[in-house]
Amino acid sequence: MHFDGPVFEPKLDGPRLGKQHNEIKALMLDGEWRTLSEIEKETGYPQSSISAQLRHLRKLRFGGLQVERNRRVAGLWEYRVKVPF
């Protein structure tokens with residue numbers, strides 16, 4: 001996995017972000033709709049990190065998966081990863 005950014009330090013951040021990414025991806029590969037709050041409850045990760053990892057899943061280097069977004073109610077979005085098979 002290749003994370004980057006202006007303050008990214010591979011030795012400090014790489015293992016943590018890799019674990020976070022893998023856990024969120026594994027959860028979302030079931031194709032179920034979830035809000036950031038629901039994902040937070042299941043993983044223990046903060047919503048800002050979850051949002052970032054969902055964006056990463058769209059990138060080719062992280063799998064190029066289709067992450068769909070749907071408005072559940074006004075001001076509340078839900079997400080799912082559309083499994084390609």
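1. Helix H2 is followed by glycine 44, whose phi is positive, near 85 degrees; helices are DSSP runs of H or I of at least four residues, strands are runs of E of at least two, and both are numbered from the N terminus. The model is a predicted one, in which local features need pLDDT of at least 70 and side-chain atom pairs count only at pLDDT 80 or more, while totals for chains, interfaces and linings use all residues. Residues are numbered from 1 along each chain as its sequence is written, and side-chain values use heavy atoms, with hydrogens and water left out.

2. Helix H2 spans residues 36–43, and its buried residues are Leu36, Ile39 and Thr43, where buried means under 20% relative accessible area, exposed over 50%, and partly exposed in between, with a 1.4 Å probe and protein chains only. These residues lie on the same side of H2, because they cover an arc of only 60 degrees around the axis; the arc is that of the directions from the helix axis to the C-beta atoms.

3. As for what covers these buried residues of H2, the cover includes helix H1 (10–28), strand S1 (34–35), helix H3 (47–58) and strand S3 (76–82), with contact meaning heavy atoms within 4.5 Å.

4. Leucine 36, which is found in helix H2, counts as buried because its relative accessibility is 17%. Leaving aside neighbours within four places in sequence, leucine 36 is in contact with Gln47, Ile50, Ser51, Leu54, Trp77 and Tyr79. Between leucine 36 and isoleucine 24 there are 11 Å in space, C-alpha to C-alpha, and the two are 12 residues apart in sequence.

5. Turning to the whole chain, there are 3 helices and 3 strands, and from the N terminus on the elements run α-β-α-α-β-β. Among contacts between residues at least 6 apart in sequence, 47% join residues at least 24 apart.

6. The radius of gyration of the chain is 13 Å, which agrees with the value near 12 Å that a compact globule of 85 residues would have; this radius is taken over C-alpha atoms, and the globule rule is 2.2 Å times the number of residues to the power 0.38. Along the principal axes, the C-alpha atoms fill a box of roughly 40 × 30 × 20 Å.

7. Of the 85 residues, 34% count as buried. The chain exposes about 5500 Å², of which carbon and sulfur atoms supply 53%, with accessible areas coming from the Shrake-Rupley method with a 1.4 Å probe.
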